[in-house]
Amino acid sequence: MKKVGRFIYGIYEILVAGPIFVVLTMLTALITMLGCTFGKQSWWGYWPPHVWSRVTCALFLMRVEVTGRENIDKNQSYVFVANHQGAYDIWAIYGYLNHNFRWLMKKPLEKIFAVGPACKKAGQVFVDDSSIGGIKETIAQAEHTLKDGMSVVIFPEGSRSWDGSMIPFKRGAFMLAAEFKLPVVPITIDGSFKAMPRTTYFMNPTTIRLTIHKPIYPGERGFNTKKLMSQCREAINSALPDDCKEKPEAAAN
């Protein structure tokens, strides 16, 4: 029966959900670009993608459960840091965090047809870590984004996991977080690897869980980046199932 169900879902994914998703993505990109050009960027840069993400999860029969929303204030700016299990991390956070924010994204994503220009118009921050000048430009762009009370989301692993388990964090993400002098909120994502592993474009209907942890506030002298990285890793790891927890040898690195 499971094979029959998987076959039926595969047909639905290819013939129904997939084409609708492509159309919705192009439409959302267009609406975002037009809205940000002629309207308020803080609104148009968030709400169309927010709705698109919720529709995407529903379209592919994914459920998203969120715990810990009481830990954050909708009127406060944060730096959110989350583990990166798979592509559904994007839709889960965009659709269900329920907090206006901008992404810190890899610069190559800027070149994706329609989506890249829409992200640029929306004020997403493209990270250029290829040079000192690029890093300074990234910081300046992020500070400009944050000055109006916006939040940002970072995946400190830098890329999606190959097996669902957490991989070592890159310190640069926490250096940026420390530069902003804002409370840092760890987010645990569980289930998105099962929904869509990095090795395939085929999906598996499942439940994705977001756990929003308590904010970590800077001290009088700001953050110690090494300590901040350790605190975030520990918080995110605590809400993962055993098979997805960071491997001891990875943590040692």
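**View 1. Cys232 is a buried cysteine, with a relative accessible area of 0%.** Buried here means under 20% relative accessible area, exposed means over 50%, and partly exposed lies in between (1.4 Å probe, protein chains only). The closest cysteine sulfur to that of Cys232 belongs to Cys244 and lies 19 Å away, too far for a bond. Cys36 is buried as well, at 11% relative accessible area, and its sulfur is 10 Å from the closest cysteine sulfur, in Cys119, again too far for a bond. The structure holds 0 disulfides, a disulfide being a pair of cysteine sulfur atoms within 2.5 Å. A note before moving on: this is a predicted model, in which local features need pLDDT of at least 70 and side-chain atom pairs count only at pLDDT 80 or more, while totals for chains, interfaces and linings use all residues. Residues are numbered from 1 along each chain as its sequence is written, and side-chain values use heavy atoms, with hydrogens and water left out.

**View 2. An open sheet of 7 strands has the order 1-7-6-2-5-3-4, with mixed pairing.** Strand 1 and strand 4 (125-127) stand at the edges with a single partner strand each, so one side of each has no neighbour in the sheet. From one strand to the next, the twist averages 25°. Helices (H or I, at least four residues) and strands (E, at least two) are DSSP runs, numbered from the N terminus, and two strands pair if DSSP finds at least two bridges between them.

**View 3. Strand 2 (residues 79-82) has buried residues pointing both ways.** Val79 and Val81 point one way, Phe80 and Ala82 the other. In a regular strand the side chains alternate between the two faces of the sheet. Strand 2 runs parallel to strand 5 (residues 151-154), joined by 3 bridges, and Val79 has Val152 as its bridge partner there. With strand 6 (residues 184-190), strand 2 pairs in the parallel sense over 4 bridges; here Val81 stands opposite Pro186.

**View 4. Strand 6 and strand 7 (residues 207-212) run antiparallel, joined by 4 bridges.** Look for Ile187, which stands opposite Ile212 in strand 7. Helix 9 (residues 225-238) packs on the sheet, touching strand 2 and strand 6, and its direction makes about 35° with that of strand 6. Contact means heavy atoms within 4.5 Å.

**View 5. Helix 1 (residues 2-38) and helix 3 (residues 47-59) have axes that come within 10 Å and cross at roughly 175°.** Axes are lines fitted to C-alpha atoms, for helices over the stretch in contact, and angles run from 0 to 180 degrees between N-to-C directions. Among the residues making the contact are Phe21 and Leu24 of helix 1 and Trp52 and Val55 of helix 3.

**View 6. Leu61 has a positive phi, near 65°, in a residue other than glycine.** Its place is in the loop between helix 3 and strand 1 (63-67), and at 47% relative accessibility Leu61 counts as partly exposed. Ala114 also has a positive phi, near 65°, and is found in the loop between strand 3 (101-106) and helix 5 (115-122). At 14% relative accessibility, Ala114 counts as buried.
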